[in-house]
Number of protein chains: 2
Amino acid sequence: MNQYMERVTRLRDAMKRSGADFFMIPTADYHQSEYVADFFKTREFFSGFTGSNGTLLISSDFAGLWTDGRYFIQAERELAGSGIVLMRMADPGVPTIGEYLLEHMPGNGVLAFDGRCVSALEGIALSKQLASKNVRFRTDLDPAEGIWQERPALPCSEVFLLDEAKYAGETTLSKLERLRREMKQAGTDCFVTGRLDEIMWLFNIRANDVECNPVALSYAVVTDECKILFLQKSSITPALTDFARNNDITILPYEEILTYLQEMKQPERVLFDAAGLSYALYASLLARVGEQGMQEQDSPLQKMKAVKNPVEIENIRSCYIEDSAALCKFIYRISKRARKAQESTGESPAPLSDEEGKPVTEYSAAMELDALRAQIPDFVELSFPTIAGYGPNAAMMHYEADEDNAAPLLAAGMYLVDSGGQYLRGTTDVTRTFALGPVTDEMKKHFTLTAVGNLQLQSAVFLYGCTGKNVDILSREPLWQIGIDYKCGTGHGIGYLLNVHEGPQNIRWRFTPGQKEAVLEEGMIVSDEPGVYLEGKYGIRIETILLVRKICENGDGTFLGFEPLTFVPIDRALIDPAYLTPQTCSVLNAYHQMTYEKIAPFLNEEEQVWLREQTAPITIPGCEQQ
Amino acid sequence: MNQYMERVTRLRDAMKRSGADFFMIPTADYHQSEYVADFFKTREFFSGFTGSNGTLLISSDFAGLWTDGRYFIQAERELAGSGIVLMRMADPGVPTIGEYLLEHMPGNGVLAFDGRCVSALEGIALSKQLASKNVRFRTDLDPAEGIWQERPALPCSEVFLLDEAKYAGETTLSKLERLRREMKQAGTDCFVTGRLDEIMWLFNIRANDVECNPVALSYAVVTDECKILFLQKSSITPALTDFARNNDITILPYEEILTYLQEMKQPERVLFDAAGLSYALYASLLARVGEQGMQEQDSPLQKMKAVKNPVEIENIRSCYIEDSAALCKFIYRISKRARKAQESTGESPAPLSDEEGKPVTEYSAAMELDALRAQIPDFVELSFPTIAGYGPNAAMMHYEADEDNAAPLLAAGMYLVDSGGQYLRGTTDVTRTFALGPVTDEMKKHFTLTAVGNLQLQSAVFLYGCTGKNVDILSREPLWQIGIDYKCGTGHGIGYLLNVHEGPQNIRWRFTPGQKEAVLEEGMIVSDEPGVYLEGKYGIRIETILLVRKICENGDGTFLGFEPLTFVPIDRALIDPAYLTPQTCSVLNAYHQMTYEKIAPFLNEEEQVWLREQTAPITIPGCEQQ
């Protein structure tokens, strides 16, 4: 018997004892984090499927795994022999989990799931969908309980304080005061959240519980009378205890949140964000205050956190320059090896080798880049695993090379590197695509049009009130003109020493029902990352991070624009001037000039010479060199 | 005693008799038409205020008129002596009507209004807003009843049939079948509408009851079993009676709609569009079927009507060419007179005079243009009163010169003409701004950037799924770059021998709560009309009508673009090549070449020579003449 089959059998026994008809096991921690720690890999434990997205549904005679198109092939392979059926999400005729349950759930049946691993948003939607069946939820069961013997421990790193004057730029007391004003305006006297990044931001603390996200497992409750932070006991340091005392913050044990909600002084009306609270916490609050006492809306902390303050902005500016310099050094190093390989007389295209003669692969190169970043003094960790794809691998948007399976870099075609770091001065994210040798005319055309889109958005001027939906087309239009689209948004927000993806703002041309449009505010940060992805051929992405700034204010309104924060050259070897417009050529030349000025001080002489070449102005009719 | 004060006093007497605490009198007919016939000018009758937008509110001790900023000066003047207070809408501290009523209405009070003149949307919103006061609506009173002795008659023109093969392109039976499919899909068995343009479209009929809109006062009820058209008796012709008989359509008297709704076989569920039905009809339906039986959604006819069929498109193409030719002849004629005036040695700038030596004014020129349009064989009427503004007058977006108050045209500066006609082959709308003599560099800069925006939108390519919100910035961005905005949408839909403004599509950068975003569909028609309006100085608008067309379809989706329908030169005398981009220069040259090819056949030799000059290619670096 396959080990997964055996585990599912044991779960079925437990279900029988607890009276559950179905058990739903999503891929999630208690906080709807983008990355989950090993402790939370319950779905993988029962199914063997290792992909980042998937939900397992088990009944006495059915076991199905729902995942999306990225993972169909991998899931088929990993599920083989487990008896678990692959449910191909969005394929014609394949029901959603809700639809499946609606059909197969017995009337008055019991659906079990760990209420801490499902958001209130999802739980409420499911309960509405199954209303006609009078389904009862059982949310207090952990499916791994008693079955997963060697389960890793819950992550628990030490919490550290973010210097309020030097890094945070606003005291936690000031943030709490602003939050309470927002709570009052919404007619509420209590706010509960489980979103880790907003809790870290609110209390000016950070930790290391989730990979790439410097956060601690935590909950927060703020009422008119108290401010409570729930943390695991061993993550608490004496410094934090002092800080809490000085700021009149109560720290309670992480695992007591549910009990606390059940026993606290009953609030009049609770403000909560259904996407930022687990169903378990939601249900517990609902039981206390009833429907009338629950006020669902976007968390006020989302926008507060997204609008960076002057101290944060100054830190981010300097941090992005050093981060850009690290990437420049990397590109110089790889380009030099590529030139050397081109000059060799061996096979064509020639493989790149490093200074010790060892072959350079996607994996080894990524390690080198990560090491360059780690040399920056306030480096904390990567902001996401480096995506470095050579040739056709770059066509996969979220490609991650592993050591055993990495392509060697060759002196031909294009190489895409998407990477970023966490620093005390902020969180970075940058993508550049560059040539390692001869490239085709088609590559240059696609690269140039991607650059034009990137630069058009960077130089946009727009009225206050615009959302990402208004400006998205500036980045996309040059590619749309030749019938090409990139199947993702153009841009996302970025945290400050927090998640590399944060809302509420984003730049996209359409919004699915769950996604919300947000007005672009002065002080917000967004990525600008158009691309071309040709399966089996190549991938291009150019990603520059932009700060929203005020341009002018007059009788027609307040005009906003962008200031670039990332300064890494856009590869001139891939630019075909025939597809460049004079306007974008000017923007590119100005950007390259700034890049040289800002980055050169961080480079050695050899690197400086290279950067000067890389940032030399391009001349086309209508855009002459100044 | 001022006559309006006297009229209000008589209304107050009537209110006392009927027990009404407030009487609300909006500017509207029974069908929420854009223009209202004299019969419906009740608000003007009681207040003396002649503007196109305003609502009068009367109680025993208060009389107030709400209107918007365009009319503050005029309203002050016209209300003087009437005892009616001007309520300046959107000014700080000025309540809306709902807010005013909420404050001043007695509990359990009675608000009277003619339920036929208020949409269900407005009525429902008002009733929600006043819920806490337990206000009762009295909607069966016409305020003019018994007071307005010399009230004009209800308009009643003869209905005519639109040839189904030649002009409508789809039989009414086919349209009704499609409507019934949509009704069924919405789970409804009855559809009721009071929107005149959609009723005309559905039954392939037209009339002349509303100025510039070729419609008949009417209602329609479609159920699974019958199709009923409500018309005034004397608008019915024998041909219409035959047509109705052949298509199994029942015609009932216009004034019987309410009785019919009260007595018809009770429907299971009624589909209605709250913006397209009067509150009176809504309330009557609600009384029959209850909340559960009412299904509110956008009328399915809106989108069906907006997507033009192949016959309509062919007619529109040919009609727009002839309409464009009329405007070209006009521009040629005025330009010739302007050149002559410039050569004169008299005052500077010299006034234009016509061939008989009479001075040319905004008014006389508009009359000439209207006469040129009227020569087109299938001309029916204007699609809106011609807007022809010289100099500073053009800065007023909806300026209409009257005979006694029209500015003379002088051989300097710019002249803006916005006009259109109703034809059996469609409805047109076009704006051009052109120079009558010397212009400033600033005028040329603003004109050129307006043209760039206009041409950028015209040449856009976008994925199916985009709305007007996605593409608006293409037209607006060149002006935003210099801190200028035009305070209106960029584009609107246009009917077929129907209203010059129609939904559901529109091109704007933001949507107020009442406005809906609609996906741009192949076959829809939109205007593309960016502009610059500098109060007291000048106005610029360039408006070209575009047809949405499919460009290509591939793995990335279906790409759409625009085909221009309007062909009138964009004045080269106002183009400063320094602000033109090579891309838009190419688009302009191609557009001008098409313009010559399509329009020249309709011109005499002299006019052709002029048009050839006007459409000659412009050469700038990066955009050389082919």
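Begin in chain B, where strands β15, β18 and β19 form an open sheet in the order β15-β18-β19, with antiparallel pairing. Keep in mind as you look that this is a predicted model. Select residues 379-382 for β15 and 426-427 for β19: these two strands of chain B stand at the edges, and because each has a single partner strand, one side of each is left without a neighbour in the sheet. Strands of a sheet pair through backbone hydrogen bonds, either parallel or antiparallel.

To see how the two strands line up, select B:Leu382, which stands opposite B:Gly421 in β18(B).

Now move to two helices of chain B, α13 (residues 310-343) and α14 (residues 362-374), whose axes come within 9 Å and cross at roughly 145°; the crossing is right-handed. On α13(B), select B:Asp323, B:Ala326, B:Lys329, B:Phe330 and B:Ile334, which meet B:Ala365, B:Glu368, B:Leu369, B:Leu372 and B:Arg373 in α14(B). Colouring this contact by class would show six nonpolar, no polar and four charged residues.

Finally, show both chains, where 31 residues of chain A are in contact with 31 residues of chain B. On the side of chain A that touches chain B, the elements giving two or more residues are β21 (461-463), α16 (468-480), β27 (544-554), β28 (557-564) and α17 (582-599) of chain A. By class, the side of chain A that touches chain B has 16 nonpolar, nine polar and six charged residues.

How values were computed. Residues are numbered from 1 along each chain as its sequence is written. Chains are lettered from A and ligands numbered from 1 in the order in which they are written. This is a predicted model: local features need pLDDT of at least 70, side-chain atom pairs count only at pLDDT 80 or more; totals for chains, interfaces and linings use all residues. Two strands pair if DSSP finds at least two bridges between them. Helices (H or I, at least four residues) and strands (E, at least two) are DSSP runs, numbered from the N terminus. Two residues are in contact if their C-beta atoms, placed from the backbone, lie within 7 Å. Ala, Val, Leu, Ile, Met, Phe, Trp, Tyr, Cys and Pro count as nonpolar, Asp, Glu, Lys and Arg as charged, and the others, Gly among them, as polar. Axes are lines fitted to C-alpha atoms, for helices over the stretch in contact, and angles run from 0 to 180 degrees between N-to-C directions. A crossing is left-handed if the near helix is turned anticlockwise from the far one by less than a right angle, and right-handed if clockwise.
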